[in-house]
Amino acid sequence: MTDQTKHNIDIVHTSNKAKAHELEKVKNELDDSIEALTIIDSAIKSTYLKDKHSLLLQEWAKEYRDDIKKCEMFIQEAND
């Protein structure tokens, strides 16, 4: 194997490790966002909150849903 070929293989190997690491980070973010959304949805469904607090949580829930969609899209594209 030539030095150039070895160098290219090392670059691909490093690139694959970086991609796998990034994918793992996004999967963790997805799990965290789903867990947070579950907690927020549960709080919204309860009757213990004041209306203004429920509305704030609804805004947070939308933000987490958006994050979940972004993570799912990233994972989908990474797997294609």
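Me: Is S33 buried or exposed?
Reply: Buried: in this predicted model, S33 has a relative accessible area of 4%. That falls below the 20% cut-off, so S33 counts as buried.

Me: Which helix is S33 in?
Reply: S33 sits in helix α1, which covers residues 3–45.

Me: And what does S33 touch, leaving out residues up to four places away in sequence?
Reply: With those left out, S33 touches Y64, D67 and I68.

Me: What about S54, buried or exposed?
Reply: S54 is buried too, with a relative accessible area of 12%. S54 is part of helix α2, residues 51–79.

Me: Which residues does S54 contact, neighbours within four places aside?
Reply: Those would be I44 and L49.

Me: Where's H53?
Reply: H53 is in helix α2. Its relative accessible area is 34%, so H53 is partly exposed.

Me: How far is H53 from A43, going by C-alpha atoms?
Reply: The separation is 9.8 Å, and the two residues are 10 apart along the chain.

Me: Switching topic. Which residues make up the largest nonpolar core?
Reply: That core has 11 residues: L23, V26, L30, L37, I40, L57, A61, I68, C71, I75 and A78. The elements giving two or more residues to this core are α1 and α2.

Me: Which element gives the largest share of the core?
Reply: Helix α2 does, with 6 residues.

Me: Let's pick I75 from that list. What does I75 touch, not counting residues up to four places away?
Reply: I75 touches L23, V26, K27 and L30. Among these, L23, V26 and L30 are listed as core members, as is I75 itself.

Me: OK, charges now. How many salt bridges are there in the whole structure?
Reply: The search finds 3.

Me: Start with K25. What is K25 paired with?
Reply: K25 forms a salt bridge with E22, and the closest N and O atoms are 3.7 Å apart. That makes the pair a salt bridge because the cut-off is 4 Å.

Me: Where do K25 and E22 lie?
Reply: Both are in helix α1, 3 residues apart, which is about one turn of the helix.

Me: What does R65 pair with?
Reply: R65 has a salt bridge to D41, with 3.3 Å between the closest N and O atoms. R65 is in helix α2 and D41 in helix α1, so this pair ties together parts that are 24 residues apart in sequence.

Me: How accessible are R65 and D41?
Reply: R65 comes out at 38%, partly exposed. D41 has 22% relative accessibility, so D41 also counts as partly exposed, given that buried means under 20%.

Me: And K62, what is its partner?
Reply: K62 pairs with D66, and their closest N and O atoms are 3.1 Å apart. The two are 4 residues apart in helix α2, which means about one helical turn separates them.

Technical notes: Residues are numbered from 1 along each chain as its sequence is written. This is a predicted model: local features need pLDDT of at least 70, side-chain atom pairs count only at pLDDT 80 or more; totals for chains, interfaces and linings use all residues. Side-chain values use heavy atoms; hydrogens and water are left out. Buried means under 20% relative accessible area, exposed over 50%, partly exposed in between (1.4 Å probe, protein chains only). Contact means heavy atoms within 4.5 Å. A nonpolar core is a set of buried Ala, Val, Leu, Ile, Met, Phe, Trp, Tyr and Cys residues joined through side-chain atoms within 4.5 Å. A salt bridge is a side-chain nitrogen of Lys or Arg within 4 Å of a carboxyl oxygen of Asp or Glu.
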